[in-house]
Amino acid sequence: MDAEREIPARGSAPSGARGETSCGSAAWARSTPTGSQVLTGATVVLPTGTVKNGTLAVDGKRITETAPANAPHIDVSNHWLVPGFVDIHNHGGGGSSFSGTADDVLQAIRTHREHGTTTLVASTVTEETDQLVQRAGLLSELAEQGDLAGIHFEGPFISPCRKGAHSAALLRDPDPAEVRKLVDAARGQARMVTLATELPGGLDSVRLLVEQGVIAAVGHTDATYEQTVAAIDAGATVATHLFNAMPTLGHRAPGPVTALLEDERVTVELINDGTHLHPAALKLAFRHAGAARVAFITDAMDAAGFGDGRYLLGPLEVEVSEGVARLVEGGSIAGSTLTLDRAFQRAVTVDGLPVEDVVAALSANPARLLGKADEVGSLTPGTYADLVVLDEEFALKGVMRRGEWVIDPQLG
Ligand SMILES: [Zn+2]
């Protein structure tokens with residue numbers, strides 16, 4: 001790994017990043033690989049069920065069946081052990097964005113990692129094609145190094161009627177040749193493209209993405225029910241933040257929400273921050289799609305894990321007040337300030353969802369979508385030792401990634 005691009009230790013914000021004040025305790029230092037260790041006494045959420053007073057063995061970067069007899073034991077009783085979170089839709093955090101420099105990107109990754117997101121796909125916003133191509137080059141380099149799990153292009157192929165916080169002047173119809181240009185620029189690291197499939201070129205672009213092994217996601221769309229069914233039949237498999245930036249569900253115009261919820265081939269993204277969705281709408285979607293077809297996302301922007309203030313989302317100015325991000329012009333919601341540990345806690349304590357279902361929505365399902373279920377998304381021997389330690393109130397107390405403590409529960 002290029003040393004200059006290494007995720008910096010907490011307490012040593014990268015030069016040029018805006019996040020100096022977010023760095024927390026200077027006592028924290030980047031840990032070295034842990035070797036073997038055994039976590040004991042926790043309630044462990046496994047794919048096969050939840051085990052009380054369970055143990056989890058870690059050897060190097062991976063979870064193992066058993067650890068050597070002399071491996072140190074770490075007591076995490078009265079805590080939950082769950083898989084590290086997988087975020088497939090995220091624009092930034094820690095005062096920095098994935099539309100910034102390499103240091104900005106690393107700052108955002110580090111912030112979300114400290115909140116339990118051990119696998120992260122970086123999302124772009126609508127920009128000129130040349131800028132997106134350049135962006136893809138930088139992000140794919142970080143993905144090749146293992147710091148990111150790939151790139152999600154959100155826009156520019158979205159509906160002017162449902163543009164949300166995307167720059168109206170830069171929107172365009174989905175041209176398969178241009179879609180291909182972005183996918184190629186990502187050098188095998190393009191994971192998902194959000195597009196309004198009802199626009200001219202939309203269905204051909206979906207087919208092209210499927211051919212390229214990239215997820216086609218229906219979003220920022222003004223499609224009808226029938227148009228959305230056509231997109232799913234063409235190969236679209238994800239609903240980008242279901243309900244947000246699409247027509248509402250009407251009894252004579254069931255719209256994209258109904259088509260995306262009812263089709264077994266589709267996974268629906270939900271932003272569980274209490275602002276983007278009413279809790280009843282979230283539960284309705286969860287119940288209808290079933291726990292296996294939901295992916296909780298943050299759709300986070302720079303202010304996540306950082307604080308209120310003025311920010312830029314791509315070229316647009318955003319004001320964040322009391323944790324809610326809105327465009328200065330027009331007042332549209334402009335991403336969230338959510339981190340996935342808060343999404344977890346809220347899902348259990350406010351929404352009343354079963355812990356196992358929340359783990360599926362935060363880890364297993366998005367890992368499967370990315371084709372990475374053999375590596376991340378569950379506490380299964382052989383996968384990476386990516387895990388989160390939560391207390392009895394589901395507050396985050398520890399994070400391990402690739403066998404290294406990002407947040408050490410013994411120091412917290
Ligand atoms: Zn987004």
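**Exercise 1. The zinc site**

Which spacing do the donors of the zinc ion follow along the chain?

*Solution.* The spacing is H-x1-H-x62-E-x144-D. The model is predicted, so local features need pLDDT of at least 70, side-chain atom pairs count only at pLDDT 80 or more, and totals for chains, interfaces and linings use all residues. Residues are numbered from 1 along each chain as its sequence is written, and side-chain values use heavy atoms, with hydrogens and water left out.

Step 1. Identify the donors, which are N, O and S atoms within 2.8 Å of the metal (3.2 Å for Na, K and Ca); water is not among the atoms, so sites may look incomplete. The protein supplies His89 (NE2), His91 (NE2), Glu154 (OE) and Asp299 (OD), at 2.0 to 2.1 Å from the zinc ion.

Step 2. Locate two of them. His89 belongs to the loop between β6 (85-87) and β7 (92-93), and Asp299 to the loop between β16 (294-297) and β17, so this pair ties together parts that are 210 residues apart in sequence. Both His89 and Asp299 are buried (under 20% relative accessible area; exposed means over 50%, partly exposed in between, with a 1.4 Å probe and protein chains only).

Step 3. Classify the geometry. Four donors count as tetrahedral if all angles lie between 85 and 135 degrees; four count as square planar and six as octahedral if opposite donors are over 155 degrees apart and all others between 65 and 115; anything else is irregular. The angles among the four donor atoms here are 86 to 168°, and the site is irregular.

**Exercise 2. Helix packing**

Describe how α3 packs against α4 and how α2 crosses α3.

*Solution.* Step 1. Axes are lines fitted to C-alpha atoms, for helices over the stretch in contact, and angles run from 0 to 180 degrees between N-to-C directions.

Step 1. Helix α3 (residues 176-185) packs against α4 (residues 202-211) at about 30°, the axes being 9 Å apart. This makes α3 roughly parallel to α4 (angles under 35 degrees; over 145 is roughly antiparallel, 65 to 115 roughly perpendicular and the rest oblique).

Step 2. The axes of α2 (residues 129-144) and α3 come within 8 Å and cross at roughly 25°, and α2 and α3 are therefore roughly parallel to each other.

**Exercise 3. A peptide bond**

What is the form of the peptide bond from Gly155 to Pro156?

*Solution.* This bond is cis, with omega near 10°. Pro156 lies in the loop between β11 (151-154) and α3.

Conventions: Helix = DSSP H or I, 4+ residues; strand = E, 2+ residues; numbered from the N terminus.
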